Amino acid sequence: MITLYDCATAPSPRRARIFLAEKGVLHDTVQIDLRAGEQMGEAYRQINPQCTVPALRTEEGILLTDNAAIAAYLEARYPEPPLMGRTPQDKAEIASWQWRVEFEGLMAVADALRNSSPAMVNRALPGPTDYPQIPELYQRGLARAQQFFVTLNERLAGRDFIAADQFSIADITAVVTFDFARVIRLKPGEDLPHLLRWRAAMGERPSMAR
């Protein structure tokens, strides 16, 4: 059976959990305590030298150590329902918005958090190598995340989904970004009505409770 190395409190593995739930894929879960630094310990390094979660052990025994690989594998292995598009055009549109949501939104929030949190001194980037915080990146990350929500609000005007008129991986990443932003005290307000409507609708999906 597939095994997901997870952390219930972290945004990145939540993306994988939602993807698995939408696909209806049964799997085992192993919790890795990031707050206690378990990902840096020798036992987990033997599993995933990248020292990150999520990681996914496939039925074939291959270890996948990032969300891009996990999603690509699951989409190919379990094609229904499609979360990355059916037609070439839809696949391209979803891929484009997935990249934008990840780069303009999720990475901006992560930059703001990792470069300001006292708990992340010298852990400004995930992985096995320590990197010092750069305080200026907090302000830039916060500004980028704020602008991203404005962009997403404009995109969602008259739309139920971010891309290709279907629920997709772009919506998954955007929901996680929306919720993750609270860690930098960023909460979209009533001036972004399309974004709030979309998030409320996403909350009706059972997978979002993951």
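Visitor: Which residue stands opposite tyrosine 5 in strand 2?

Guide: Strands come from DSSP: E runs of at least two residues, numbered from the N terminus, while helices are H or I runs of at least four. Here, tyrosine 5 stands opposite valine 30 in strand 2. This is a predicted model, where local features need pLDDT of at least 70, side-chain atom pairs count only at pLDDT 80 or more, and totals for chains, interfaces and linings use all residues. Residues are numbered from 1 along each chain as its sequence is written, and side-chain values use heavy atoms, leaving out hydrogens and water.

Visitor: How many bridges join strand 1 to strand 2?

Guide: Two strands pair if DSSP finds at least two bridges between them. Strand 1 (residues 3-6) and strand 2 run parallel, joined by 4 bridges.

Visitor: What is the strand order of the open sheet?

Guide: The order is 2-1-3-4, with mixed pairing across the 4 strands. Strand 2 (28-31) and strand 4 (63-64) each have a single partner strand, so one side of each lacks a neighbour in the sheet. Helix 1 (residues 11-23) packs on the sheet and touches strand 1 and strand 3 (55-57). Touching, or contact, means heavy atoms within 4.5 Å.

Visitor: At what angle do helix 4 and helix 5 pack?

Guide: Axes are lines fitted to C-alpha atoms, for helices over the stretch in contact; angles run from 0 to 180 degrees between N-to-C directions. Helix 4 (residues 88-114) and helix 5 (residues 136-155) pack at about 145°, with axes 6 Å apart. The contact includes Trp97 and Phe103 of helix 4, and Leu142 and Phe148 of helix 5.

Visitor: Which residues touch the most other members of the largest nonpolar core?

Guide: Nonpolar side chains tend to be buried together in soluble globular proteins. A nonpolar core is a set of buried Ala, Val, Leu, Ile, Met, Phe, Trp, Tyr and Cys residues joined through side-chain atoms within 4.5 Å. Buried means under 20% relative accessible area, exposed over 50%, and partly exposed in between (1.4 Å probe, protein chains only). Of the 50 residues in the largest core, those touching the most others are Leu56, Leu74, Phe149, Leu152, Ile162, Leu195 and Trp198. Helix 4 gives the most, with 9 residues. A second, separate core of 7 residues includes Tyr5 and Val53.

Visitor: Is glycine 158 buried or exposed?

Guide: Glycine 158 counts as exposed, at 81% relative accessibility. Glycine 158 lies in the loop between helix 5 and helix 6.
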